[in-house]
Amino acid sequence: MAERGQLPPPTKRLCCRPGYGSGCRPGQRVGSTGLSGGALCAGSGSSFSSSTAAAAAAAALGLLPLGKTQSPESLLDIAARKVAEKWPFQRVEERFERIPEPVQRRIVYWSFPRSEKEICMYSSFNPGAEDPAAAPGNRLPFRRGIALLDGGCVDNVLQVGFHLSGTVTEPAMQSEPETVCNVAISFDRCKITSVTCSCGSKDIFYCAHVVALSLYRIRKPDWVKLHLPISETLFQMNRDQLQKFVQYLITVHHTEVLPTAQKLADEILSQNSEINQVHGAPDPTAGASIDDENCWHLDEEQVQEQVKLFLSQGGYHGSGKQLNLLFAKVREMLKMRDSNGARMLTLITEQFMADPRLSLWRQQGTSMTDKYRQLWDELGALWMCIVLNPHCKLEQKAGWLKQLKKWNNVDVCPWEDGNHGNELPNLTNALPQELLHKGVTSITNLEGWVGHPLDPIGTLFSSLMEACRVNDEGFHGFSDFMGNMGQCKSLEYQHPPAHKFLEEGESYLTLAVEVALIGLGQQRLMPDGLYAQEKVCRNEEQLISKLQEIELDDTLVKIFREQAVFLLEAGPYSGLGEVIHRESVPMHTFAKYLFTSLLPHDAELAYKTALRAMRLLVLESTAPLGDMSRPHHIASVVPNRYPRWFTLSHIESQQCELASTMLTAAKGDVRRLETVLESIQKNIHSSSHIFKLAQDAFKIATLMDSLPDITLLKVSLELGLQVMRMTLSTLNWRRREMVRWLVTCATEIGVYALDSIMQNWFTLFTPTEATSIVATTVMSNSTIVRLHLDCHQQEKLASSARTLALQCAMKDPQNCALSALTLCEKDHIAFETAYQIVLDAATTGMSYSQLFTIARYMEHRGYPMRAYKLATLAMTHLNLSYNQDTHPAINDVLWACALSHSLGKNELAAIIPLVVKSVKCATVLSDILRRCTLTTPGMVGLHGRRNSGKLMSLDKAPLRQLLDATIGAYINTTHSRLTHISPRHYSEFIEFLSKARETFLMAHDGHIQFTQFIDNLKQIYKGKKKLMMLVRERFG
């Protein structure tokens, strides 16, 4: 705590005794002095007996015990305990002229706190919110204080009046020696009002040494030596005793108090000094005055410093978590009706308002981070709890409202989402009065209660649930505390007896559930902004999560039924009403919870509610206008605009979850499944979500422990067909997966489903998908085996597949011709039809690569002449330039030439002109030329038999034409290369010329041609001296 190690500041209590002033009679408080006034501390002489005074005090408070017959507590203790709780000691002194010493002792005795719960609260974070991993046990002050107390480390405990002192020994550690801490505690009316400790540690909470001394006093009160306030002791001394007392005190502490003692002596001896103008003298042990505020000690400076530190860390190092723990501490204080809750929240708010990031974000025009905004939301929610506290006084509310307005007028104060006015919202009216009035549901504003910055529904729900929670509220020391740290106790709820302001049959629990259902079902517009929309979703899910902790009994089921019916018939109030606004927040998440809760008890109502909630009007092209005659209809007061729903993907996911839940529940019920299917097809607009639902239905229908549900399988297929239609003309990266899944689903249903999708392929698939995936899969052996098809069924499917293939080939021959040929292999007419489709499309619509592929397929199937035909058609579409020596079509060209060569001279003679026209690459031409000169055309006939023929001459057609073209290609390529050649390519160029010479020499006058060619190069490119030198060295 703050100022540990320092002496406590002087108290305001002034105590006077005879001799202090002529106007002060023995035992009476001095009159008005201009100061705060102090308690009169009487001596031991008294004409009253202790029982008489105690009886008088008890009678004044109306606290006489009734009905106790066994081991009764003394009247003195009863009265003293109650007086110690409620009255400042000054009031006791003023009320009674004489207070016997035994009475004073018992009041002082009972004035110290008696419960460890408050000590724990002020020495550790909220146990329910504590994270053991973040704060190990030995670091928590409360736990360490327990350990010190149990270890016998507390000593020299002394209580003088309302002041407790003692020493706490900190055991030696490996790196630290043993230390002794001096602890002092002041208290009043069972609250610790100030603490000091010489340990020097600084924290928001009490240190372990203060905890240890406090628990020592609570657990071992009879071991503590108790004295009356020091002024009472001094009153019993004569002049000599007083002088001896003062001189000894100065002697023992002369280095510390001598200057102060001399200063006080000088002032007392001076008749005109200020100290002589005041009757009485201060006594730090005499208890509180009437004007003193009775509250637990809270180190305000440390609260401010800690919050400032956490905010400066910007959400790093767990600072956000620490701030949330502080908020939890405020809630804990409010729950215990501790006035420090509001005091602590004020300190936190001041630091939030002083955060320099607010000004920075305002200057930059950027919004605060989501985590930071959530902290501000929690801040606002806590202030709402404070101002709505029914126990606070009107003057307190006025003071808080003044402070809130002051903060609100600061420029950097952030806006609440949805509040764009200039006036501060009246927090005391945050909850509509008609909230619990059934049937009064007119909409007066467009803000929803769920997702509201002040969270009225969540707060009211939590308050009502707190009232009906069955939980052990007792605090039995550290054993209970240890058991509760870091874990949530399983909570049970019950219906407490109805109070006079509740209707018969109602309880806090039923009201809490009813409040939550009303709030969740309220029709509300989707707010603007990403954060506000995310908050709506988050608050809704949090509230439903709390509802799910409650076990539904007959009473609560009745509430659910009533609210579901009410929401379905409530008109513009309800988000489940028959007509809603286009931008109304969807009810999918809420309806899913309602559905699962009502299903075991009222299936008809459950389905009616869920089906009504399936709609998502914001995605509809035209939304219903509604009944404009109703004055409060939300559609009549909100302009229709294009919405910006940042959470739309999440909303659609929740819609999908609702539909999936209904599908699962409707298994085996044909009527329900048809109704749910119709709702899905009407309301869900995302192909991905419909596909997920189709998959879910398929999994549910084909569970391993039961026979397939054919109705649910048909629902799955219908959803899959809808996905196919939705994604047919749009890009979807999962399209191929969707098509394969649909075929699997249709296969599970049977032959008629497969036949149906093939006959209607043009509305479901692209031609490529239909041939390469659908028909191919249907015709596979695995499908035949899976369905146990007979010959008739196989032929029927094969006929449909061939028809599909030919239709696809006609529509997209480029991509489907090969698949069509493959599918039609076993039917001669169909195969010929497919081949003719290829020929018809070859001249216009097909590329050389597609034609080469089909040509290779034809040769593989034993149709070499058809392969040759397609190869020549492919050559007409090809164009290889001089520098494309790595073109992917080169292998196809070589294969086509080899095919032509194997068929005979005529076929080779026909294809060479096409090659010469299409190929300009010298190396490719020379490779073809060389291969043609190795064997005789047609020498490898059918069955691999060799023909005995002569090699073709290079001086005659068609090879002469190929040779000339090759030489010409080398010449052109050479000049092209020399145009932009660099020295690093010289050696490569020389090798290229060597290959060219080999081709030149194949002609009868090739040597002469090559020599002339080289001479021309030397003349034309003589400027490239180094290169020409290399040419001379190699070729002369």
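In helix H12, Gly320, Leu323, Asn324, Phe327, Val330, Arg331 and Leu334 are in contact (heavy atoms within 4.5 Å) with Leu375, Glu378, Leu379, Ala381, Leu382, Cys385 and Ile386 of helix H15. By class, the residues of this contact comprise ten nonpolar, two polar and two charged. Here Ala, Val, Leu, Ile, Met, Phe, Trp, Tyr, Cys and Pro count as nonpolar, Asp, Glu, Lys and Arg as charged, and the others, Gly among them, as polar.

The model is predicted: local features need pLDDT of at least 70 and side-chain atom pairs count only at pLDDT 80 or more, while totals for chains, interfaces and linings use all residues. Residues are numbered from 1 along each chain as its sequence is written, and side-chain values use heavy atoms, with hydrogens and water left out.

Two packed helices are described by the angle between their axes and the distance between the axes. The axes of H12 (residues 319-335) and H15 (residues 370-387) come within 11 Å and cross at roughly 5 degrees. H12 is therefore roughly parallel to H15, a term for angles under 35 degrees. Axes are lines fitted to C-alpha atoms, for helices over the stretch in contact, and angles run from 0 to 180 degrees between N-to-C directions.

The chain has 43 helices and nine strands, which are DSSP runs of at least four residues (H or I) and at least two (E), respectively, numbered from the N terminus. Of its 1036 residues, 48% are buried, meaning under 20% relative accessible area with a 1.4 Å probe, protein chains only. Residues 24 or more positions apart make up 72% of the contacts with a separation of 6 or more.

Thr647 lies in the loop between helix H23 (603-613) and helix H24 (648-665). This residue is buried, because its relative accessible area is 6%. Leaving aside residues up to four places away in sequence, Thr647 touches Met526, Gln533, Glu534 and Cys537.

Among the buried residues of H24 are Ile651, Cys656, Leu658 and Met662. The buried residues of H24 pack against several helices, including H20 (530-547), H23 and H27 (710-727).

For helix H40 (residues 959-979), the 21 residues should span 30 Å, which agrees with the 30 Å between the end C-alpha atoms. Its buried residues include Leu959, Ile967, Tyr970 and Leu978. The helices that the buried residues of H40 pack against include H38 (905-918) and H43 (1025-1035).

Note on methods: Buried means under 20% relative accessible area, exposed over 50%, partly exposed in between (1.4 Å probe, protein chains only). Angles under 35 degrees count as roughly parallel, over 145 as roughly antiparallel, 65 to 115 as roughly perpendicular and the rest as oblique. The expected span of a helix is 1.5 Å times one less than its number of residues.
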